[in-house]
Amino acid sequence: DYSRGQRIARIDQPFRQAEQIDWSVFRQRVERRGYAGLDGVGLAHSLGESAADEVRRLAGVEPLVVEHVRVDMARIDPSDARRRLGLPLGERILGAIGFIRPYKGYDLLADVWQRLGSSAPLLLVVGEVVGDSGWHVLERLERTGRAIVRPGYASDADLQLAVSAVDALLL
């Protein structure tokens, strides 16, 4: 049982077998992205004992094994969500929310935002970066002055707030 304020990572891929998880990504997070000193790792029960063994080996902590729980999206007033996130109320905001991976086209998004310049709509980017190239793309987006980048793990509540704050999602 973990309490508030502790640093917890989550591995929740219920539709994959443990053998299909890219453990190099988790290892990279442990080594280079601040997962050192974790208080725990939440692990979906469906991943099995081999995943728990890998967490013990890589992170040096006993995983908290939980059943996958689906969280329904709560209705949050868009203005309230924007205020809570510190976003402007009277401006059109597009969202790119979720894992930031090379194959998702963030490089193309950065190209478009660079070309549009100051006429680009405000872009909210929320999610965990996978791979070093993602950091470069986020820097390009930030340099446009029209992107608000919030990299890192986003809880279900964080994602609900971000989805509620934007006018449209870019998938």
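This is a predicted model: local features need pLDDT of at least 70, side-chain atom pairs count only at pLDDT 80 or more; totals for chains, interfaces and linings use all residues.
The structure holds four salt bridges, and the table lists three of them, including the pair formed by R84 and D80.

| Salt bridge | N to O distance |
|---|---|
| R84 with D80 | 3.5 Å |
| D167 with R82 | 2.9 Å |
| E91 with R146 | 2.3 Å |

R84 and D80 both belong to helix α3, which spans residues 78-85, and they are four residues apart, about one turn of the helix. R84 counts as exposed at 53% relative accessibility, whereas D80, with a relative accessible area of 30%, is partly exposed.

**Pairs between distant parts of the chain**

Because D167 lies in the loop between α6 (156-165) and β7 (168-169) while R82 lies in helix α3, the pair ties together parts that are 85 residues apart in sequence. D167 counts as partly exposed at 48% relative accessibility, but R82, at 4%, counts as buried.

The side chains of E91 and R146 likewise meet in a salt bridge, at 2.3 Å from N to O. This pair links distant parts of the chain, with E91 in the loop between α3 and β4 (93-97) and R146 in the loop between α5 (132-143) and β6 (147-151), 55 residues apart. E91 counts as partly exposed, at 27% relative accessibility, while R146 has a relative accessibility of 17% and therefore counts as buried, the cut-off for buried being under 20%.

Terms used: Residues are numbered from 1 along each chain as its sequence is written. Side-chain values use heavy atoms; hydrogens and water are left out. Helices (H or I, at least four residues) and strands (E, at least two) are DSSP runs, numbered from the N terminus. Buried means under 20% relative accessible area, exposed over 50%, partly exposed in between (1.4 Å probe, protein chains only).
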